[in-house]
Amino acid sequence: MKDDFDLESEFDNAVDFDDELAAFEDFDVENDDVKLRTAILQKENMVALLCIKSASVGAAICRVDPREHLPSVQLYDDPMAAHHWFSRSLKTSKSNGWNVVYDGLPLQG
């Protein structure tokens, strides 16, 4: 049986992550209300990332799961709702066997 997988065409059809990030430029708010939190999780030989960026006008949660092809981002109008879902997702991950190896401000460098 011939393998029809063509890596080059897969990249041509993939979503450009830089274009997706550009869509969030309006979300960048430069004020003291912006809060950032990053959690790095580990399970067996996998590493995952869960982060939240919130401000008084809204929030976004980003999840990078090694079992998924692309990162996922969920936008919220209500920052309190976003914090609730971030905490719930972190708690669910822990109960599913993930270990939190870092939880705090985004790492630099």
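The side chains of D65 and R67 are joined by a polar contact of 2.8 Å, a polar contact being a pair of N or O atoms within 3.5 Å, where within protein one atom must be able to donate a hydrogen and the other to accept it, and where residues adjacent in sequence count only if both atoms are side-chain atoms. This is a predicted model, in which local features need a pLDDT of at least 70 and side-chain atom pairs count only at pLDDT 80 or more, while totals for chains, interfaces and linings use all residues. Residues are numbered from 1 along each chain as its sequence is written, and side-chain values use heavy atoms, with hydrogens and water left out.

The pair of D65 and R67 also meets the criterion for a salt bridge, with the closest N and O atoms 2.8 Å apart; a salt bridge here is a side-chain nitrogen of Lys or Arg within 4 Å of a carboxyl oxygen of Asp or Glu. Side chains of opposite charge can pair when their charged atoms come close. D65 is found in the loop that runs between β3 (58–64) and β4 (72–76). With a relative accessibility of 11%, D65 counts as buried, whereas R67 is exposed, at a relative accessible area of 51%. In these terms, buried means under 20% relative accessible area, exposed means over 50%, and partly exposed is in between (1.4 Å probe, protein chains only).

The secondary structure comes to 3 helices and 5 strands, where helices (H or I, at least four residues) and strands (E, at least two) are DSSP runs numbered from the N terminus. Read from the N terminus on, the elements follow the order α-α-β-β-β-β-α-β. Of the 109 residues in the chain, buried residues make up 23%. The accessible surface comes to about 8300 Å², and 51% of that surface belongs to carbon and sulfur atoms; such areas come from the Shrake-Rupley method with a 1.4 Å probe, and for residues only the protein chains shown count as cover. Among contacts (heavy atoms within 4.5 Å) between residues at least 6 apart in sequence, 46% join residues at least 24 apart.

Confidence in the model is given by pLDDT, the predictor's confidence in each residue, from 0 to 100. The chain averages a pLDDT of 80, and 69% of the residues score at least 70. Over residues 1–15, however, the pLDDT is below 50, and beyond near neighbours in sequence this stretch has 3 contacts in the model.

A search of the whole structure finds 2 salt bridges. Besides the pair already described, R37 forms a salt bridge with D103, and the closest N and O atoms of these residues are 2.7 Å apart. R37 lies in strand β1 and D103 in strand β5 (residues 99–104), so this pair ties together parts of the chain that are 66 residues apart in sequence. Both partners count as partly exposed, R37 at 28% relative accessibility and D103 at 38%.

E44 lies in the loop between β1 (35–43) and β2 (46–55), and its phi is near 55°, a positive value in a residue other than glycine. E44 is exposed, with a relative accessible area of 65%.

Turning to the cysteines, a disulfide is a covalent bond between the sulfur atoms of two cysteines. The search of the whole structure finds 0 disulfides, the criterion being a pair of cysteine sulfur atoms within 2.5 Å. C51 is in no disulfide, and the nearest cysteine sulfur, that of C62, is 4.3 Å away. C62 itself is buried, with a relative accessible area of 18%.

D78 is found in the loop between β4 and α3 and is partly exposed, with a relative accessible area of 41%. A polar atom of the D78 side chain lies 3.0 Å from the backbone nitrogen of M80. D78 and A60 are 18 residues apart in sequence, and their C-alpha atoms are 9.8 Å apart in space. Within helix α3 (residues 79–95) lies S93, which is buried at a relative accessible area of 18%. Not counting residues up to four places away in sequence, S93 touches L41 and W98.
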